[in-house]
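Please consider the following structure with attention to its covalent links, its charged pairs and its surface.

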Amino acid sequence: MTSEIVDAAKIEAEQIKSFRDFLFSYNKLSELCFVDCVWDFTSRTIRDQENNCAVNCAEKFLKANQRISQRFQEFQVISNENALAMAKKAG
């Protein structure tokens with residue numbers, strides 16, 4: 001029973017970390033695109049130019065983030081393979 005509680009706590013901690021990471025990325029995206037794309041503060045409406053800029057900015061940010069994650073995963077696989085090969089060599 002206690003191992004189930006520990007497992008549940010680990011899952012919850014991982015979910016919290018994932019959500020925290022998501023919020024960090026979302027806030028970074030919002031800040032970057034707002035600073036780059038919103039120029040006119042004299043109107044309550046968003047101009048088409050600002051909207052297009054924000055959409056393009058968000059797409060670029062998400063694609064870059066996806067590419068970085070993909071490369072990181074590839075690096076992790078190579079790193080794990082190298083560690084396994086070294087362990088086999090040593091053992």
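Predicted model: local features only at pLDDT ≥ 70, side-chain atom pairs only at ≥ 80, totals over all residues.

A disulfide connects Cys33 and Cys57, with an S to S distance of 2.1 Å. Cys33 belongs to helix α1 and Cys57 to helix α2 (residues 48-90), so this pair ties together parts that lie 24 residues apart in sequence. The link of Cys33 and Cys57 is left-handed, with -90° about the S-S bond. Both Cys33 and Cys57 are buried.

In total, the structure holds two disulfides. Cys37 and Cys53 form a disulfide as well, with their sulfur atoms 2.1 Å apart. Since Cys37 lies in helix α1 and Cys53 in helix α2, this pair ties together parts that are 16 residues apart in sequence. About the S-S bond of Cys37 and Cys53 the torsion is about -65°, and the disulfide is therefore left-handed. The two partners can be considered in terms of their accessibility. Cys37 has a relative accessible area of 0% and is therefore buried, whereas Cys53, at 22% relative accessibility, counts as partly exposed; the limit for a buried residue is under 20%. When the bonded cysteines are counted along the chain, the disulfides of the protein follow the pattern 1-4, 2-3.

The discussion now turns to the loop between α1 and α2, where Asp40 is placed. Is Asp40 buried or exposed? At 18% relative accessibility, Asp40 counts as buried, because buried means under 20% relative accessible area. The side chain of Asp40 is joined to that of Thr42 by a polar contact of 2.4 Å. With neighbours within four places in sequence left aside, Asp40 is in contact with Arg47 and Glu50. With Arg47, the side chain of Asp40 also meets in a salt bridge (4.0 Å, N to O). Arg47, at 36% relative accessibility, counts as partly exposed.

Side chains of opposite charge can pair when their charged atoms come close. How many salt bridges does a search of the whole structure find? The search finds three salt bridges, one of which is the pair of Asp40 and Arg47. In helix α1, Asp21 and Lys17 are four residues apart, so about one helical turn separates them. Their side chains meet in a salt bridge with an N to O distance of 3.0 Å. Asp21 is partly exposed, with 39% relative accessibility, and Lys17 is partly exposed, with 41%.

The side chains of Glu74 and Arg71 meet at 2.7 Å, N to O. Glu74 counts as partly exposed at 36% relative accessibility, and Arg71 is partly exposed with a relative accessible area of 38%.

Which residues make the nonpolar surface patch of about 430 Å²? The patch is made by Phe19, Phe22, Leu23 and Tyr26. Tyr26 lies in helix α1, which spans residues 2-37.

Note on methods
Residues numbered from 1 in each chain as written. Heavy atoms only, no water. Patch = residues over 30% accessible without salt bridge, like charges linked within 9 Å, V, L, I, M, F, W, Y side chains within 5 Å. Areas by Shrake-Rupley, 256 points an atom, 1.4 Å probe, with all protein chains shown as cover. Helix = DSSP H or I, 4+ residues; strand = E, 2+ residues; numbered from the N terminus. Disulfide = S-S within 2.5 Å. Buried < 20%, exposed > 50% of the residue type's maximum accessible area, 1.4 Å probe, protein only. Polar contact = N/O pair within 3.5 Å; in protein donor to acceptor, adjacent residues only side chain to side chain. Contact = heavy atoms within 4.5 Å.
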